[in-house]
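The points may be read alongside the sequence and the model.

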Amino acid sequence: QVYKSIIGQARTLHGAAEVYEKIPEIREVCKGVLAANELHPTYTIHNIKTLSQISPYIKSNAYIRILSHRQRDIVLYNEALVIQNVTNVTLDFTGTSVVTSNMWGAPYAVRLEAVTAVVIKGLSMRCLTPRTPAFYQGDGDHKTGFLFVFNSTRVSVVDSSFTYSDQAAVVVSHSPLTCIVNNSLHVPGSGGIVIQGSSTGSFIEDNRILNSSGQANWHAGIVITYRQIDVRNGSALLLSRHLHHHPSHSLAERKTYPHHVIVSRNTIAAPSSQGIYLDGAVACIVTDNKVLRSSKEGICLDGGSASNIIIRNEIAHCGQRTKARPDVLKQEVPTAQTGRDGLTIFKLPGVSLDNALHNLVARNNITGNFGGGIKCVRTCFLNYILGNELKDNDQDPGSPIRFPAVLLMSDPNDDHGAADIDFHPSVLNTIAYNSINGTHAIGVLFSAGSRCNEAYGNRFNGTHHFSYESVIEQVNFIKRKGGRQLRAPDRSPKGEYTWPGSKYDFGRIANLRA
């Protein structure tokens, strides 16, 4: 009932599909905002030495070019650039760069608050002070993000670059219709782009996010989160004091959440966390992205995410946890063991549906990941896993744990779950028309309690054991050509089988071949 009240009429999977079909039109609308602002009178500000010197010149209905003093870098000292209560403004920083140190202590270098149709173009920002690993183990004080958008609408950030930020490079909070297009983010300290709260209809496209260094889920390359945290004093406040597990909010407490956000054609490479993290997002579209070599999952849907479409993405070589610090890993997996590669044996999949309802995961290329292809864990209801290409997603032959292409399971040993989310195994999901090839321990595995799921039309080639397995005797529906439904028999020759945190008896595992 809570989910029903959240989603509403327009925020169903069908509503998300309508938005997906209109992505070309939405792209043109974003371009229209840029073009309209270029028609306003043009002003050029010369000899800017510090970023705060720009503030007095900003006024509505203007196209403003920023030129530094003698073509030197603009320096960020002790005051941020604050833009408030203006409309139809473009700030063009093309050819000018802004440098800062991580010691100056303000939460953001550029703040946009209560503005409409403001464009930030060609802004190049970088932090000069090198950081050490110990820097990221603090409590978030005296760390700087680059750009913050709050309580605004139709803001655009285009053709910009952000290098070595201390917190998330770009944070958008309660600001609908924000466009973040064609930007480069290199080594953001605590994630790349964060979309928070009622930032409905935002558009994130053609960005390049490389080597983000934070390891919590909210440090992913792109984060879309409902968390009701005031981030005006820094994005680190999304996390609790020890900077790992989030403050808990139940579904019933949620007043605002991001929906109809489009994440398209981005490239995210080598993040220390996930590539894309949806936390309580509704009816969002994630399409045509490349997520490569993320330390955790490539794409993760968590926190009650519902009615999202994950389609035509390339997700490769994710989940090895190569960048996991031992202290962080111990918080995530208290019983973590080390494999032959010196890393934890608890690898992660390309795509994780981790507390998710009625999402569509379709036509993705999921290849060469370490902890399986697609995982439905904790409470996953009514999701559709359709037409994906899954190949070689069990990439750690030295590990005692073998991973399937598609896994449906619960996690009863989870220490950090919320009672209104982690309450039931995965049921009523559909796995159909997927192509499963290469190194997988199993094609589709149904763990204990995962029942009333439906699988049909899948093609298997090269799985080590079985095409379909069920951990215990339970009702799942495997349809063959004649439409016959099979119940898992109580037979298997394999004996005991160890899975993360639990031990199951293969004497009660089904042996169903497609």
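1. The disulfide between Cys30 and Cys179 is left-handed, because the torsion about its S-S bond is about -60 degrees. In this predicted model, the two sulfur atoms lie 2.3 Å apart. A disulfide is a covalent bond between the sulfur atoms of two cysteines.

2. Which parts of the chain does this pair link? Cys30 belongs to helix α3 (residues 23-37), whereas Cys179 belongs to strand β14 (residues 179-181). The two cysteines are 149 residues apart, and the pair thus links distant parts of the chain. Both Cys30 and Cys179 are buried.

3. The structure holds one disulfide, and Cys300 is in none. The nearest cysteine sulfur to Cys300 is that of Cys380, at 9.5 Å. A disulfide requires the two sulfur atoms to be within 2.5 Å.

4. Are Cys300 and Cys318 buried or exposed? Cys300 has a relative accessible area of 1% and is therefore buried. Cys318 is likewise buried, with a value of 0%.

5. Ser273 is located in the loop between β21 (267-269) and β22 (276-279). Its relative accessible area is 0%, so Ser273 is buried; the term applies under 20%.

6. What does the side chain of Ser273 reach? The side chain of Ser273 reaches the backbone oxygen of Ala216 at a distance of 2.7 Å. Leaving aside residues up to four places away in sequence, Ser273 touches several residues, among them Gly214, Gln215, Asn217 and His219. Ser294, Ser295, Lys296 and Glu297 are also among the residues that Ser273 touches.

Key: Residues are numbered from 1 along each chain as its sequence is written. This is a predicted model: local features need pLDDT of at least 70, side-chain atom pairs count only at pLDDT 80 or more; totals for chains, interfaces and linings use all residues. Side-chain values use heavy atoms; hydrogens and water are left out. Helices (H or I, at least four residues) and strands (E, at least two) are DSSP runs, numbered from the N terminus. Buried means under 20% relative accessible area, exposed over 50%, partly exposed in between (1.4 Å probe, protein chains only). A polar contact is a pair of N or O atoms within 3.5 Å; within protein, one must be able to donate a hydrogen and the other to accept it, and residues adjacent in sequence count only if both atoms are side-chain atoms. Contact means heavy atoms within 4.5 Å.
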